[in-house]
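Visitor: Could you take me through a close look at a single part of this structure, one residue and its surroundings, and then carry on to whatever else can be said with care?

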Amino acid sequence: MVTLKVSNEKCTGCRACEVACSYHHREGIFNPRAASLRVCRSEKEGKFSIILYSDMPEEERQGRFPCDLCEDEPQPVCIKYCQPNAITIEEIGQ
Ligand code: SF4
Ligand code: SF4
C-alpha cells in the first residue's frame with residue numbers, strides 16, 4: 001500500500017497539488033474541495049501533512065474523489081505540479 005508524504009522543509013502551502021488533483025478527476029474543473037488530498041499545516045508545530053482520501057467510505061470523503069494514484073497519467077499530477085518537489089510516494093504497511 002502506498003501513501004503520499006510532504007516535506008516540511010519544501011512545502012510552501014500553495015495548494016497547487018489540490019488544484020491539479022481536482023482537474024485530474026474532473027477535466028476542466030479546478031476545485032480543491034474535490035481533490036483526493038488536502039495539505040494541512042499545524043499552527044502549533046508549523047508542520048505540513050497530507051490527508052489522503054483513498055479507501056475510506058464515501059461519507060468520510062465529503063464529496064472528494066478517492067485517490068487512484070493517477071493511474072491514467074504518466075506521473076501523479078499532484079507531484080508533477082508541485083514546484084518545490086515537496087511530495088513523495090511512500091510504501092506503508094505490507
Ligand atoms: S503543491 Fe507542493 S508546495 Fe504546494 S501545497 Fe502542495 S505539497 Fe505543498
Ligand atoms: S496521486 Fe493523483 S489522484 Fe492521488 S492525490 Fe495525487 S493527483 Fe490526486
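Guide: Let us begin with L4, which lies in strand β1 (residues 2–6), where strands are DSSP runs of E with at least two residues and helices are runs of H or I with at least four, numbered from the N terminus. This is a predicted model, in which local features need pLDDT of at least 70 and side-chain atom pairs count only at pLDDT 80 or more, while totals for chains, interfaces and linings use all residues. Residues are numbered from 1 along each chain as its sequence is written, and chains are lettered from A and ligands numbered from 1 in the order in which they are written.

L4 counts as buried because it has 21 C-beta neighbours inside 10 Å, the cut-off for buried being 20 or more other C-beta atoms within 10 Å of its own, placed from the backbone. Leaving aside residues up to four places away in sequence, L4 touches L37, I50, L52, C78, I87 and I89, contact meaning that the C-beta atoms, placed from the backbone, lie within 7 Å. By contrast, 20 Å separates the C-alpha atoms of L4 and G63, which are 59 residues apart along the chain.

Terms used: Buried ≥ 20, exposed ≤ 12 C-beta atoms within 10 Å, placed from the backbone. Contact = placed C-beta atoms within 7 Å.
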